[in-house]
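Take a moment with the sequence and the model below. Then follow the text from one region to the next.

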Amino acid sequence: MRGFGHLEAEIMERLWAWDRPASVREIVDDLNRTRPVAYTTVTTVADILHRKGWLSRHKEGRAWIYAPTRSRAAHTADVMREALGDTGDQHAALLLFVENMDSAQARALRDIMDRTEKGRP
């Protein structure tokens, strides 16, 4: 995931998928299902994500509880805008992007464009 290190991305993906705040222990336990990772490592990375503004946190007892400050959709939109801004030819990049959409994605884009042009969210 663009903008995140590997473990940062894994943490963010879990929190977005769970759609609820979670403790470091919950994150570690879930990560350990696929690979070993130390509690202290996840604590450090979650703290880094907090300092970067990606996670909010509050204390419950002795544990920090973390939650994303932005949705996955907002992050994805930022990544798309950044990628589009990095190209020298936005028209060509958009054309290739749209040409490679499946029919469901194209319908969704048409619907969004129609609603946006009519002033509806």
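This is a predicted model: local features need pLDDT of at least 70, side-chain atom pairs count only at pLDDT 80 or more; totals for chains, interfaces and linings use all residues.

Start with the core. In soluble globular proteins, nonpolar side chains tend to be buried together. Here, the largest nonpolar core has 20 residues. Ile11, Val42 and Leu49 have the most contacts inside it. Three elements each supply two or more core residues: helix 1 (6-18), helix 2 (24-31) and helix 3 (39-51). Helix 1 gives the most, with 6 residues.

Now look at Leu49. Leaving aside residues up to four places away in sequence, Leu49 touches Phe4, Glu8, Ile11, Met12, Trp54 and Leu55.

Turn next to charge. Side chains of opposite charge can pair when their charged atoms come close. The structure holds 12 salt bridges. One of them joins Glu10 and Arg35, with the closest N and O atoms 2.5 Å apart. This pair links distant parts of the chain. Glu10 sits in helix 1, Arg35 lies in the loop between helix 2 and helix 3, and 25 residues separate them. Are the two partners buried or exposed? Glu10 has a relative accessible area of 15%, so it counts as buried, being under 20%. Arg35, at 28%, is partly exposed.

A second pair is Arg14 with Asp30. Their closest N and O atoms are 2.7 Å apart. This pair also bridges distant parts of the chain: Arg14 is in helix 1, Asp30 is in helix 2, and they are 16 residues apart. Arg14 is buried, at 14% relative accessible area. Asp30 is buried too, at 16%.

Another bridge joins the side chains of Asp78 and Arg70, at 2.2 Å from N to O. Asp78 is partly exposed, with 25% relative accessibility. Arg70 is partly exposed as well, at 33%.

The largest pocket has a volume of about 470 Å³. Which elements give two or more residues to its lining? They are helix 4 (72-86), helix 5 (90-99) and helix 6 (103-117). The lining has 15 residues, and Met80, Leu94, Phe97, Met101 and Leu109 lie nearest the pocket's centre. What is the lining made of, by class? It has 13 nonpolar residues, 1 polar residue and 1 charged residue.

Methods
Residues are numbered from 1 along each chain as its sequence is written. Side-chain values use heavy atoms; hydrogens and water are left out. A nonpolar core is a set of buried Ala, Val, Leu, Ile, Met, Phe, Trp, Tyr and Cys residues joined through side-chain atoms within 4.5 Å. Buried means under 20% relative accessible area, exposed over 50%, partly exposed in between (1.4 Å probe, protein chains only). Helices (H or I, at least four residues) and strands (E, at least two) are DSSP runs, numbered from the N terminus. Contact means heavy atoms within 4.5 Å. On a 1 Å grid over the protein atoms alone, a cavity is a set of points where a 1.4 Å probe fits but cannot get out, and a pocket is an open set with protein on both sides within 12 Å along at least five of seven lines; lining residues have an atom within 4 Å of a point. Grid points are joined across faces, edges and corners, and a volume is the space filled by probe spheres set on the points. Ala, Val, Leu, Ile, Met, Phe, Trp, Tyr, Cys and Pro count as nonpolar, Asp, Glu, Lys and Arg as charged, and the others, Gly among them, as polar. A salt bridge is a side-chain nitrogen of Lys or Arg within 4 Å of a carboxyl oxygen of Asp or Glu.
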